[in-house]
Amino acid sequence: MSISENDDNNNNNNNPDANIKEQSPSIEEESPEGHEAIETDNLEKMILSTGIRVGTPVKTKFMAPFIVKANPEGLYILDISKTLARVDVAAKFIGRANIAKVAVTSAREYGKTPVEKFCEVTGSTPILGRFMPGTFTNPSLPNYMEPEIVVVTDPQADQQAVVEATRAGVPVIAIANSDNITSKVDLVIPANNRGRKALATVYWLLAREVLKKQGAIKSDSEMLEKAAIDDFETKLVEELT
């Protein structure tokens with residue numbers, strides 16, 4: 001298996017909101033299609049509000065192609081159009097695999113709930129917390145598995161999973177921030193991989209597209225019936241009390 005990163009149509013697009021198109025109110029909004037357009041518009045605005053495109057003050061040469069500018073605070077802003085394009089490519093690839101053999105990892109605390117929920121709705125396999133060395137390379141271990149695809153929340157925090165997948169010849173899909181090194185990653189999904197809401201949003205978007213590719217859902221409203229973005233978000237202690 002190989003992953004095609006065919007997003008050439010996005011290369012000359014320097015507007016981070018390029019494909020977040022606002023719908024003008026019209027009489028047609030009284031129709032089901034109009035309501036769907038309003039829901040989609042509201043969803044897209046909400047996606048942008050989660051900080052999904054806000055990077056760090058540092059950029060690497062690997063992530064430079066996905067950055068459109070630095071904001072006044074000195075944080076690099078990622079190109080949302082490329083984020084969405086890469087989510088679509090990743091979903092197509094995952095959709096062709098045996099979903100039970102898609103391993104999704106997160107050593108980051110804020111990534112655990114998004115990964116759990118993604119795996120719950122898609123049927124993929126979560127690997128949370130510290131990645132046990134040998135999971136992909138040592139058949140004698142009780143937790144050994146042979147994944148077809150590995151998805152990592154952060155190629156730095158999940159470095160052991162990336163290294164072992166590479167050694168085993170397994171393609172790696174990574175959510176990567178502006179400061180990540182992605183030399184061992186096959187497909188980069190550029191996004192804020194540190195924020196709670198941003199991680200929830202990325203995994204919700206990826207789950208939505210995977211389910212569409214599998215034929216399990218046809219629309220955003222069907223996805224929202226299964227799970228909202230909030231359901232993917234790690235809750236703070238004070239939010240649980």
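Author: Start with the contact of helix 2 and helix 5. From helix 2, Leu 84, Val 87, Asp 88, Ala 90, Ala 91, Lys 92 and Ile 94 meet Leu 205, Leu 206, Glu 209, Val 210 and Lys 213 of helix 5. Contact means heavy atoms within 4.5 Å. By class, this contact has 8 nonpolar, no polar and 4 charged residues. Ala, Val, Leu, Ile, Met, Phe, Trp, Tyr, Cys and Pro count as nonpolar; Asp, Glu, Lys and Arg as charged; the others, Gly among them, as polar.

The model is predicted: local features need pLDDT of at least 70, side-chain atom pairs count only at pLDDT 80 or more, and totals for chains, interfaces and linings use all residues. Residues are numbered from 1 along each chain as its sequence is written, and side-chain values use heavy atoms, leaving out hydrogens and water.

Now the geometry. Helices are DSSP runs (H or I, at least four residues), numbered from the N terminus. Axes are lines fitted to C-alpha atoms over the stretch in contact, and angles run from 0 to 180 degrees between N-to-C directions. Under 35 degrees counts as roughly parallel, over 145 as roughly antiparallel, 65 to 115 as roughly perpendicular, and the rest as oblique.

Helix 5 also packs with helix 3 (residues 109–122), at about 15° and with axes 9 Å apart. That makes helix 3 roughly parallel to helix 5. Their contact has 12 nonpolar, 3 polar and 1 charged residues.

Methods. Helices (H or I, at least four residues) and strands (E, at least two) are DSSP runs, numbered from the N terminus.
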